[in-house]
Amino acid sequence: MPISHTPTQNLESVLPKEKKKSETSFRITEPQYSLEDVILPISTRKEVEDAISLAENNDLIFNDWGLGQVIKHHNLCINLYGASGTGKTMTAHGIARQLKKKMVVVNYAEMESKYVGETSKNIAALFQFAEENDAVILFDEADAMLSKRVTSMQSAADVSVNQTRNTLLKILDDYTGIVVFTTNFIQNFDMAFFRRILSHIRFEMPDEETRRKIWEHYLPPTLPLLDRDSTIREITKIENVTGADISNTVLKAAIKAARYQKKVTLADLSELVSKMTKAKLDMEEPYEITTKKVSAEYAMKQVKKGEDHGIA
């Protein structure tokens, strides 16, 4: 049975009494993927299946087996963390579909408000909306929401950040629905959030067996691929590629093949993977910011130039 949906008591309490309705609108969506669409290492898949077992066996665990008498709070919060492109968001959709639920996908940037206190109100309204619609909440790139609270507050913005974090913590304490977080930067999480999340599942870079399955998935038999078996065997040996990398590589190779009316070859795929790997390394290269001293006259001249060109 699914997790019971007893009304969450503190949603009303965290909303300002004078204005409880959020200006932010939320949208219910159907999950785009199933768990069968996501190719994961066996160990990771088992962890995901174990996590959602709480929702599928809630009544058995907490009523028949009596754990509800000793564990009062048993919502399902899952954190999927690891490198970009390893299937975290697809898995979140798969979890919702497995539980036969719709989703509310949250973009934290859309939740933020320049007015102090408004973001907290939007978060409370979000959980209320998800609860009323029995929907899974997906916080993509959740480190923006769950990052460490400010310990030395020096501005109204700092106060607002902490207010937002505290509101979310209070809601998670009592919320009985399902929340999935995804992040590339679990190290940025506030420990208070970490403790409130039941399952933290690490998404590793695909091992060789997983890479083979992903390549086979994205290189269907209908694609004009030269020497399919040997090509897949050789391309699988290339390490440090994610499912997203493989998907993009195959699409680019198919575009090239269509343009030149030729078959996709191992050389095409290898070259594209090599370029993608180099681009990733370029992104990770450190850079330096240098400064130089200028005279007051020079600075004023530059300001004047900006004003003359309409730059305020």
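**Figure 1. K262, which has a relative accessible area of 30%, is partly exposed.** Here buried means under 20% relative accessible area, exposed means over 50%, and partly exposed lies in between, as computed with a 1.4 Å probe on protein chains only. The side chain of K262 meets that of D268 in a salt bridge, at 2.7 Å from N to O, a salt bridge being a side-chain nitrogen of Lys or Arg within 4 Å of a carboxyl oxygen of Asp or Glu. D268, in turn, counts as buried at 8% relative accessibility. Elsewhere, salt bridges that share partners join E209, R212 and E216 into one network. The model is a predicted one, in which local features need pLDDT of at least 70 and side-chain atom pairs count only at pLDDT 80 or more, whereas totals for chains, interfaces and linings use all residues. Residues are numbered from 1 along each chain as its sequence is written, and side-chain values use heavy atoms, with hydrogens and water left out.

**Figure 2. R212 and E209 form a salt bridge in which the closest N and O atoms are 2.4 Å apart.** The two residues are three apart in helix 10, so about one helical turn separates R212 from E209; helices (H or I, at least four residues) and strands (E, at least two) are DSSP runs, numbered from the N terminus. Both ends of this pair have a computed accessibility in the intermediate class: R212 counts as partly exposed at 28% relative accessibility, and E209 is partly exposed with a relative accessible area of 39%. A search of the whole structure finds 13 salt bridges.

**Figure 3. Helix 10 (residues 208-218) and helix 12 (residues 243-260) have axes that come within 10 Å and cross at roughly 30°.** Helix 10 is therefore roughly parallel to helix 12, where angles under 35 degrees count as roughly parallel, over 145 as roughly antiparallel, 65 to 115 as roughly perpendicular and the rest as oblique. The axes are lines fitted to C-alpha atoms, for helices over the stretch in contact, and the angles run from 0 to 180 degrees between N-to-C directions. Helix 10 passes helix 12 in a right-handed crossing, which is to say that the near helix is turned clockwise from the far one by less than a right angle, anticlockwise being left-handed. R211, I214, W215 and Y218 of helix 10 make the contact with G243, I246, S247, T249 and V250 of helix 12, contact meaning heavy atoms within 4.5 Å. Sorted by class, the contact of helix 10 with helix 12 has five nonpolar, three polar and one charged residues, with Ala, Val, Leu, Ile, Met, Phe, Trp, Tyr, Cys and Pro counted as nonpolar, Asp, Glu, Lys and Arg as charged, and the others, Gly among them, as polar.

**Figure 4. I246 has its place in helix 12.** At 1% relative accessibility, I246 counts as buried. Leaving aside residues up to four places away in sequence, I246 touches R211, I214, W215, Y218 and V241. In sequence I246 and G85 are 161 residues apart, while in space the distance between them is 9.6 Å, C-alpha to C-alpha.

**Figure 5. Helix 11 (residues 228-235) and helix 13 (residues 266-284) have axes that come within 10 Å and cross at roughly 20°.** This angle makes helix 11 roughly parallel to helix 13, and the crossing of the two is right-handed. T231, E234 and I235 of helix 11 make the contact with L266, L269 and S270 of helix 13. The residues of this contact divide into three nonpolar, two polar and one charged. The side chain of E234 also meets that of K237 in a salt bridge, at 3.2 Å from N to O. E234 is partly exposed, with a relative accessible area of 33%, and K237 counts as partly exposed at 49% relative accessibility.

**Figure 6. Helix 4 (residues 88-98) has K88, T91, A92, H93, G94, I95 and A96 as buried residues.** What covers these buried residues includes helix 2 (42-56), strand 2 (76-82), strand 3 (103-106), strand 4 (136-139), strand 5 (178-183) and strand 6 (199-203). Just after helix 4, K100 takes a positive phi of about 60°. For the protein chain as a whole, the secondary structure comes to 14 helices and six strands, and buried residues make up 42% of the 312 residues. Among contacts in the chain between residues at least 6 apart in sequence, 79% join residues at least 24 apart.
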